[in-house]
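Subject: Structure handover

Hello,

Here is the structure you asked about.

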Amino acid sequence: MKTIWKLVVIALLFACESSKFDSQVLLPKLFSDGMVVQRDKAIIVWGKGIPGENVRVSLAGSITSGTVQEDSTWILKLPKMAAGGPFVLEVNQEKIRDVYVGDVWLAGGQSNMEWALKSQVTGAEKEFEEGGNPKIRFFKIPNSYSAVKLDDVVGGEWKVADTLNMRNFSAVAWFFAKRNQQEKKVPVGIIESNWGGTPVEGWMDVEILAEMEGSFHDQAIDVIENNETWDAKLKENDENRHKRDSMVNKPDSMLASQVAALSYDDSKWRRVTLPQANPLQHIAWARKKFMLTSLDKIELHFPAIDQMGYVYVNGKQMYYKDWGVSMPDLEIPSDVLQKGENVLTIRAINTWNNQPRIGQEEEMYLLQDGKKMSLEGTWAYSNSIVEPHLPKVEWYNWMPGMMYNAMIVPITKYSIKGAIWYQGESNTGRHEEYKKLFSGMIINWREAWGQGDFPFLFVQLANYMERKDVQPESNWAFLREAQTQALNLPNTGMATIIDVGEADDIHPRNKKDVGERLWLQARKVAYGEKILASGPQLDSLSRQGSDLIVHFKSTGEGLRLTAGDEVWGFIAAREKGGFQQVKAALSGKNTVTITLPPGLEEGEIRYAWADNPAVNLVNNFGLPAEPFRAKFE
C-alpha cells in the first residue's frame, strides 16, 4: 500500500512540474521536422512566448530550461553533441521530429549558387538516378528583403534529398554536401540563402556600409535616415511583386486555349519580325501560322525562349519551358495538327528585366523527314490585349542591407559549420570596391554569428564572354584578383574555376567541379586535413638572362598541361602598358619559363588575365593555376 502511495505522490509531483512547461511557444521556421543542427557546437534554440512563462528544451537526452523575457523572447542553449539521429526536439509541448545532428553549411551568393540541379546541370540525371541521400537536407530561404532587421525568415522548410526534392536544390551545394556526407559519414544540412543577380552590398549590414566609402555609401545613409519611408516603399513593392508572380506563374487555361487556337482573331495584334526584332515586354503572346501537307513526324525545334515560355500548337499546350533551361525538340502529335493551316503560339515572360525574347537565328523551325520549315519572319504579337501589363517591380533587394536584414540576420543564432559562397558577377563593373566589400562581408557575418572565424569558402569567377588573347582591362580579371585578396582573412578558402566556364553563358552547367573544389577547401580549412586543395599559385619570380622564371607553389607532384606543348595565358608589358602575348613553357616541376620580347627588361606579367582566358596549366590533381599579376625587373 505504501508503495502505491509513493507512486501516486511521484506522479502528482511530475504532473505539477510538467505543467510549468505547457505554455505555448513560437519557434523560428528553421526549427521544423527534418532539421539538421550543428555537431560539436552548442545548440542554440530560441523563439517567442508568454512573458514570465517557463520554457524547456530537450534533445537526445539533453535538457535545459529558462523563462520568457518581458519582450516575449527566450533563448536557450543545449550542450554540444556528436553526430547522430534521428531525434525528437521537444520545446514545451511542441515536438519536432526527424532531427539530425551533423554539419550545417550556409550556401550564399547569386544565381550560380542558386542554380538548381534540374536546370540542365551536367551529370544531374545520374544524381537523380542514384536517388539522393536521406541524410542530406536543404532549407531554402525564400527571396526576401527588408529595410529593418527581421527576427525570422519569411518562409521555408527542411526537405530531405530524395529524387523529387533534390531537383530544386542548389547544384553547387548538392555536390558539396554529397562529398561532406560520404567522407565524414555525418548528416549534412544546407541552408540556402541566395538570390540571382544580387550585389555583395545587399548581403551586408547597412550600418557597416554607411561607414565605408563607395558607390553604395549614399544609399546606405538614405536607408538608415529614412528607414520608415523605405519600409513602406518596400511593402508596396512586395505587393507588386506578389501580384506580378501570380499573373505570370500560370495562365488561365481557358483563355490560353482560346488565344492559341487557330480560329482566334489576332488582326488587332502588332506584327513583328522574329528573331531579328524582339521588342517584347510584359506577358508577351506571339503567334505564327504555318502550312502542312502531311502530319507525319512533325518536330518543333525552338530552344531559345528567355526566360519562361508556354508553347501551344492549335490551342493545345505542348510544353512549359522553365527558367534556366533550353526547350528540347518536341514531337508534335499528329492528332493536334491538321493539313493546311496551323498555328504555333508562345506565351513568354521574363521577370528579370520584363523583356522576354523569343527565338534565335537558324534555331526556329519545324522538321519533317529531314526538311526544315523555318518559323522565322513575321509573327503576330500582343502584350496587353490578352493579359494586362505587369505591375512595376523595383530591384530594391539589391540595395545596401536589404537581403542581409531578411535572409541573414534571422538565422545568425543557428550554429553552423561554415559558409560556401558564389557571387561577384554583379559587382564586376565596380571591381575596385570589391576587396573591401567582400572582406567586410565575411567579417560582418562572422561577428553576427558570434562563432569566431568560422570557415568561409568561396568560388572565384569562372571564365565567361568572348575570348580575347590580350585583355589587360578586364573587369572580370580585376574582380577575381579582389576575391583572391580575401584569402588574407583567416579560415578562408577559394575554389578556382577558370577552366569550367562557357563563353556564351554566365551560368556554367558544370557545377560538379565547383562543388567538389569547394569541398577540397573544406577538407583543408574546416576539417584540418593536410591536403593540396588549390591549383598552382604564384610563389615568386626570378630572372635568367632574357628569360623570366615563374615559380609556383601548390603544384603537388608537378605542373601539367591539359592541352598543347606551351603554357597558354601569359601576357607581359612595360610598366606603362602595351601588353602582348608571350611564349611560356614548362621548365621544371614547379616552374614556367617565359621568353620575354627584346627590350622588355622590366614591367608586369599577368596570367589568365581576361574575361575568358585560354588556360591549360594545372597541377597533378587537375586543379587550374590561379590568375595573377606581378611586377618583374
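Asp151 and Lys48 form a salt bridge, with their closest N and O atoms 2.8 Å apart. A salt bridge here is a side-chain nitrogen of Lys or Arg within 4 Å of a carboxyl oxygen of Asp or Glu. The two residues are 103 residues apart: Asp151 is in the loop between strand S9 (133-140) and strand S10 (158-161), and Lys48 is in strand S3 (residues 43-49). Helices (H or I, at least four residues) and strands (E, at least two) are DSSP runs, numbered from the N terminus. Lys48 is partly exposed, at 36% relative accessibility. Buried means under 20% relative accessible area, exposed over 50%, and partly exposed in between (1.4 Å probe, protein chains only).

Two points on the source. This is a predicted model: local features need pLDDT of at least 70, side-chain atom pairs count only at pLDDT 80 or more, and totals for chains, interfaces and linings use all residues. Residues are numbered from 1 along each chain as its sequence is written, and side-chain values use heavy atoms, with hydrogens and water left out.

**Salt bridges**

The count comes to 32 salt bridges. Lys178 pairs with Glu130, the closest N and O atoms being 3.1 Å apart. Lys178 sits in helix H4 (residues 171-184) and Glu130 in helix H3 (residues 124-130), so this pair ties together parts 48 residues apart in sequence. Lys178 is buried at 16% relative accessibility. Glu130 is partly exposed at 44%.

Asp266 and Arg287 meet in another salt bridge (2.8 Å, N to O). Asp266 lies in the loop between helix H8 (253-259) and strand S12 (270-274), and Arg287 in strand S13 (residues 284-292), so the pair ties together parts 21 residues apart in sequence. Asp266 is buried, at 9% relative accessible area. Arg287 is buried too, at 2%.

There is also a network of salt bridges. It links Arg179, Glu183, Lys184, Lys512, Glu516, Arg523 and Glu529.

**Cavities**

The whole structure holds 3 cavities of 30 Å³ or more. On a 1 Å grid over the protein atoms alone, a cavity is a set of points where a 1.4 Å probe fits but cannot get out; lining residues have an atom within 4 Å of a point. Grid points are joined across faces, edges and corners, and a volume is the space filled by probe spheres set on the points.

The largest cavity has about 70 Å³ of space. Its lining includes Met494, Arg517, Leu520, Gln521 and Glu626. Strand S26 (492-495) and helix H12 (512-525) each give two or more residues to this lining. H12 gives the most, with 3 residues. The lining divides into 6 nonpolar, 4 polar and 2 charged residues. Ala, Val, Leu, Ile, Met, Phe, Trp, Tyr, Cys and Pro count as nonpolar, Asp, Glu, Lys and Arg as charged, and the others, Gly among them, as polar.

The second largest cavity has a volume of about 40 Å³. Phe31, Ile44 and Tyr414 are among its lining residues. That lining has 5 nonpolar, 2 polar and no charged residues.

**Sheet**

Two strands pair if DSSP finds at least two bridges between them. Strand S28 (residues 547-553) and strand S33 (residues 591-595) pair over 5 bridges. Asp547 has Thr595 in S33 as its bridge partner.

Best wishes

Note on methods: On a 1 Å grid over the protein atoms alone, a cavity is a set of points where a 1.4 Å probe fits but cannot get out, and a pocket is an open set with protein on both sides within 12 Å along at least five of seven lines; lining residues have an atom within 4 Å of a point.
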